[in-house]
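These are my notebook entries on a structure that I had not examined before. I set down each item as I looked it up.

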Amino acid sequence: MAGTDQTKKESAPAGATPAIVLVAPQLGENVGTAARAMLNFGLTELRLVSPRDGWPNPRARSAASGADIVIDGAKLYDESTAAVADLDYVIATTARPRDMVKPIFTPETAATKLREVIAGGGKAGILFGPERTGLTNDDVVLADAVLMVPVNPAFASLNLAQAVLLIGHEWFKAADRTPAERVEYQATRPATKEELLGFFEHLEGELDRFGFLKPPEKRPSMIRNIRNLFQRAGMTEQEVRTFRGIVAALSRREPKGD
């Protein structure tokens with residue numbers, strides 16, 4: 001997972017995205033790793049509210065590992081109210097229940113809601129609190145909804161970058177159309193039915209010649225079992241040719257007489 005494809009030039013993603021608002025982050029390194037997590041999933045708008053170690057921060061840039069577009073574009077605010085003033089919809093992240101009546105989202109639901117808001121022309125943001133204490137109630141009250149990550153209740157501690165990464169991933173996944181599973185065929189392709197049938201006939205002919213498909217009344221079910229085995233394998237054209245070569249090589253031995 002580590003490393004970056006250097007052949008792809010860093011650039012801002014197409015389309016609007018939610019702003020990531022870090023309220024009173026304590027370490028420049030944490031801001032940098034959060035920026036790195038943002039760019040992993042196409043988020044580039046970073047807003048900082050009174051970072052403890054000041055801004056700009058060289059440690060943040062170093063920790064961002066090349067996510068300079070996020071670091072360079074970061075906006076600085078003195079108060080949380082100013083950081084969200086131009087937003088139409090805000091979600092606050094928290095690890096504990098608050099005495100407020102607000103919708104509580106999982107990361108997946110939050111991502112869907114954010115996409116709905118932005119697709120409708122609105123501006124949205126996600127509030128993250130300081131590493132040690134999290135958001136204050138005064139920060140949370142600014143939000144339209146609260147986001148709580150389902151984690152081990154005995155150890156619900158996520159660092160800042162982890163929290164940003166998790167939510168960024170859900171944002172990205174909500175619009176991603178990558179198949180859940182795929183096969184990279186490289187220089188080959190899936191075998192056609194014609195190629196598979198040719199292989200089956202070749203194999204079955206040799207199995208008959210060597211007396212394997214006996215007794216005769218069991219031959220149909222044995223053939224079905226063999227064919228099902230190879231059908232489940234999802235063979236490529238190259239694999240079919242390889243197996244035909246194996247059968248041919250083994251068949252050069254003459255069968256023993258009955």
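How much space lies in the second largest pocket? I found about 550 Å³ there. I worked on a predicted model, in which local features need pLDDT of at least 70 and side-chain atom pairs count only at pLDDT 80 or more, while totals for chains, interfaces and linings use all residues. Residues are numbered from 1 along each chain as its sequence is written, and side-chain values use heavy atoms, with hydrogens and water left out.

**Entry 1: the pocket.** I noted that 25 residues line the second largest pocket, and that Thr94, Ala95, Ala156, Leu158 and Ala163 lie nearest its centre. A pocket is, on a 1 Å grid over the protein atoms alone, an open set of points with protein on both sides within 12 Å along at least five of seven lines; a cavity is a set where a 1.4 Å probe fits but cannot get out, and lining residues have an atom within 4 Å of a point. A volume is the space filled by probe spheres set on the points, which are joined across faces, edges and corners. Helix H7 (residues 160-173) gives the most to this lining, with 3 residues. Helices (H or I, at least four residues) and strands (E, at least two) are DSSP runs, numbered from the N terminus. By class, I recorded 14 nonpolar, 7 polar and 4 charged residues in the lining. Ala, Val, Leu, Ile, Met, Phe, Trp, Tyr, Cys and Pro count as nonpolar, Asp, Glu, Lys and Arg as charged, and the others, Gly among them, as polar.

Entry 2: I traced an open sheet of 7 strands in the order S3-S2-S1-S6-S4-S7-S5, with parallel pairing. Strands S3 (75-77) and S5 (104-105) stand at the edges with a single partner strand each, so one side of each has no neighbour in the sheet. Two strands pair if DSSP finds at least two bridges between them. S2 and S3 are joined by 3 bridges, and Arg47 stands opposite Lys75 in S3.

**Entry 3: strand S1.** Is S1 (residues 19-23) mostly covered or uncovered? I found 5 of its 5 residues buried, where buried means under 20% relative accessible area, exposed over 50% and partly exposed in between (1.4 Å probe, protein chains only). In a regular strand the side chains alternate between the two faces of the sheet. Ala19, Val21 and Val23 lie on one side of S1, and Ile20 and Leu22 on the other. S1 runs parallel to S6 (residues 124-128), with 4 bridges between them, and Leu22 has Phe128 as its bridge partner.

**Entry 4: two single residues.** I looked up Asp139 in helix H6 (residues 137-140). Asp139 is buried, with a relative accessible area of 9%. Its side chain makes a polar contact of 2.8 Å with that of Ser80; such a contact is a pair of N or O atoms within 3.5 Å, one able to donate a hydrogen and the other to accept it within protein, and residues adjacent in sequence count only if both atoms are side-chain atoms. Leu250, in helix H10 (residues 237-250), is exposed at 60%.
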